[in-house]
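Here are a few exercises to work through with the model open beside you. Try each task before you read its solution.

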Amino acid sequence: MNDTQAVHPSAIVDDGAVLGAGTRVWHFSHVCAGARIGAACSLGQNVFVGNDVVIGDRVKIQNNVSVYDAVTLEDEVFCGPSMVFTNVYNPRAGFVRKDQYRRTLVRRGASIGANATIVCGVTVGSYAFIGAGAVVKHDVPDFALMAGVPARQLGWISRFGERLPLPRAGKGEAVCPHTGDVYLLLDGVCSIVPAAQ
């Protein structure tokens with residue numbers, strides 16, 4: 001631990017855990033020994049981080065979130081209050097299934113709303129937005145806006161978090177009014193158009 005980190009006295013950070021510069025761990029949280037957490041992250045109250053977890057830089061994990069083994073969060077991911085990760089698809093208390101963990105990947109800049117559930121084994125694409133209470137059972141494309149139970153794609157969203165006026169399928173072009181970024185939709189894939197050099 002270095003001088004720029006802040007770990008609340010009620011939190012437990014096991015020996016061996018790696019926390020980057022400027023990372024804060026708040027009340028009653030527990031970070032297990034094998035966890036790897038980047039710089040400038042915030043772990044809210046009552047957050048659990050398992051051993052086989054990798055968290056990038058500038059990640060915000062709100063209160064009451066458990067990041068279980070086999071979950072990776074890339075840079076600038078937002079996890080809303082009480083959202084849920086799983087790591088076994090068909091758990092039973094009477095049968096140990098630690099050898100059946102399914103890996104979950106949340107890519108850079110994605111946001112997961114309060115009380116949403118991410119069923120293990122999926123990838124949530126870069127800058128995707130998962131609405132509050134949604135249940136994600138399948139991979140989510142980059143920039144997708146998802147909501148519902150099970151989660152369905154409603155449209156597309158910018159890096160800033162602005163809904164883009166693009167069709168769900170087909171092709172189109174849109175500009176984020178906040179950043180001026182241009183987005184291109186082609187064959188169901190939304191991407192940022194590279195800026196002119």
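**Exercise 1: aromatic pairs**

The structure holds 3 aromatic pairs. This is a predicted model, where local features need pLDDT of at least 70 and side-chain atom pairs count only at pLDDT 80 or more, while totals for chains, interfaces and linings use all residues. Residues are numbered from 1 along each chain as its sequence is written, and side-chain values use heavy atoms, with hydrogens and water left out.

Solution. Start with the rule: rings of Phe, Tyr and Trp (its six-membered ring) pair if their centres lie within 6.5 Å; planes under 30 degrees apart are stacked, over 60 edge-to-face, and the rest tilted. Next, location: Phe48 is in strand β8 (residues 48–49) and Tyr68 is in the loop between β11 (66–67) and β12 (71–73), 20 residues apart. Strands here are DSSP runs (E, at least two residues), numbered from the N terminus. Last, accessibility: buried means under 20% relative accessible area, exposed over 50%, and partly exposed in between (1.4 Å probe, protein chains only). Phe48, at 25%, is partly exposed, and Tyr68, at 36%, is partly exposed.

Task: now do the pair of Phe143 and Tyr183.

Solution. With 5.3 Å centre to centre and 75° between the planes, the pair is edge-to-face. Phe143 lies in the loop between β20 (135–136) and β21 (144–147), and Tyr183 in strand β25 (residues 182–186), 40 residues apart. Both Phe143 and Tyr183 are buried. Finally, ring pairs join Tyr127, Phe143 and Tyr183 into a cluster.

**Exercise 2: cysteines**

Task: how many disulfides does the structure hold?

Solution. The test is a pair of cysteine sulfur atoms within 2.5 Å. For Cys41, the closest cysteine sulfur is in Cys79, 10 Å away, so that is too far for a bond. For Cys120 it's again Cys79, at 16 Å, also too far. The count is 0 disulfides. Cys41 is buried, at 1% relative accessibility, and Cys120 is buried too, at 4%.

Key:
Helix = DSSP H or I, 4+ residues; strand = E, 2+ residues; numbered from the N terminus.
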